[in-house]
Amino acid sequence: MGFPGTWMTESESVVYRVVPKCACSTIGQIMYYSDHGAFFDGDIHDAQYGLHKWALDASQDPITRNVTAHKSFAFTCVRNPYTRVLSSFFDKICGIQRNGRRYRGNLVPLLIQKYGIEVGGEDGKQEFDQIASFRRFLLFARDTIRWRRPMDPDIHWSAQAGHVSTFIVNGGKYDKIVWTESFNDGMQNVLDAIKTPHAVKLADIPRFNESEGHGPKRAHPVEDYFDDLSMHLVREIYKRDFALFKYDFDNPGNKMPVGEIDLDEVHAKLGD
């Protein structure tokens, strides 16, 4: 299986396991800058050079050698499951992607037909019942993850533990797991632990939110989108994420972690 979703600087200063919707655009640009002294011109996910990626055939051997020998500092970044799945809904389901189209072509018409989801107008400005549509989307997300229907799970709303685990089961070991909610502190810990060709000052790094502006603005506080049924679905889908990454399941309005991540626990429980 190898190391899907893994990026590594060309200098091999650091290895990063991507978890979608968890600051991956900003992290990728920081890695690129640390090697080249400039940011990639465009969406870092589109970069075919300047950064090793498992999806690039030429990168697989160097990534495999590095990770299996644990030659470099390795990390990933996670996010509160409530805000992550909500962000996925507004970006991927309600939003128009950077290619000018709906995400995954016929996905949104399928959701409209089978789940009664509304997404607003093409300009993202038409009002619709965001709360009702999001709760229907959660039913769809649960169906994809539990029964793999009407399609396989999508990387943007599948559980973070699943992404994180592939790195471990294939022989990798994390040195740090960063919380998106305290990104600067966590990313500074990473930078302090590595040596890069170009120095990175986090205070000068912009946030590269490539999904921003794709969809309508969230009209309500986070907690308003989660009633008892929605919280039940979230627990069913993301139970391990809450437990391992120390987020507050009982209060959707609290995006901050409530404990410290235990790396030994993560490796033990996700390594099978």
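**Group meeting: a walk through a predicted model**

Okay, let's start at helix α9, where Glu-265, Val-266, His-267 and Leu-270 are buried. Buried means under 20% relative accessible area, exposed means over 50%, and partly exposed is in between, using a 1.4 Å probe and protein chains only. When I say helix, I mean a DSSP run of H or I with at least four residues; a strand is a run of E with at least two, and both are numbered from the N terminus.

Before I go on, this is a predicted model, so local features need pLDDT of at least 70 and side-chain atom pairs count only at pLDDT 80 or more, while totals for chains, interfaces and linings use all residues. Residues are numbered from 1 along each chain as its sequence is written, and side-chain values use heavy atoms, with hydrogens and water left out.

Back to α9. What covers its buried residues? The cover includes α6 (160-169), β5 (176-179) and α8. Take Glu-265, which sits in this helix, residues 263-270. Why does Glu-265 count as buried? Because its relative accessibility is 18%. If you skip neighbours within four places in sequence, Glu-265 is in contact with Leu-244 and Lys-246, where contact means heavy atoms within 4.5 Å. And the N-terminal end of α9 is capped by Asp-262, with a side-chain oxygen 3.0 Å from the backbone nitrogen of Asp-264.

Now let's zoom out. How many helices and strands does the protein have? There are nine helices and five strands. Along the sequence they come in the pattern β-β-α-β-α-β-α-α-α-α-β-α-α-α. The radius of gyration is 19 Å, close to the 19 Å the globule rule gives for 272 residues, so the protein is as compact as a globular protein of that length. That radius is taken over C-alpha atoms, and the rule is 2.2 Å times the number of residues to the power 0.38. The C-alpha trace spans about 50 × 40 × 35 Å along its principal axes, and 54% of the 272 residues count as buried. Among contacts between residues at least 6 apart in sequence, 69% join residues at least 24 apart.

Next stop, helix α5. Residues 130-146 make up this helix, 17 in number, and from first C-alpha to last it reaches 24 Å, close to the 24 Å expected at 1.5 Å a residue. The expected span is 1.5 Å times one less than the number of residues. Its buried residues include Phe-134, Phe-137 and Phe-140. Which helices do the buried residues of α5 pack against? They pack against α3 (81-93), α4 (107-115) and α8 (228-245). At the start of α5, a side-chain oxygen of Asp-129 comes within 3.3 Å of the backbone nitrogen of Ile-131.

After α5 comes Arg-148, with a positive phi near 55°. Arg-148 belongs to the loop between α5 and α6. Pro-150 is in the loop between α5 and α6 as well, and a cis peptide bond joins Arg-149 to Pro-150, with omega about 0°. Glu-12 also has a positive phi, about 60°, although it is not a glycine.

On to the rings. The structure holds 24 aromatic pairs. One of these is Phe-40 with Tyr-49, edge-to-face, at 5.6 Å centre to centre and 65° between the planes. Rings of Phe, Tyr and Trp (its six-membered ring) pair if their centres lie within 6.5 Å; planes under 30 degrees apart are stacked, over 60 edge-to-face, and the rest tilted. In that pair, Phe-40 is buried at 10%, whereas Tyr-49 is exposed at 51%.

Lys-53 lies over the face of Trp-7, 4.9 Å from the ring centre, and Lys-92 lies over Tyr-103 at 5.0 Å. The cut-offs are NZ of Lys or CZ of Arg within 6 Å of the ring centre and within 35 degrees of the ring normal.

Last one: Thr-83, in helix α3. Its side chain makes a polar contact of 3.5 Å with that of Arg-79. Thr-83 is buried, at 13%, and beyond four places in sequence it touches Glu-181, Val-222 and Lys-255. Thanks, folks!

Definitions and conventions:
Polar contact = N/O pair within 3.5 Å; in protein donor to acceptor, adjacent residues only side chain to side chain.
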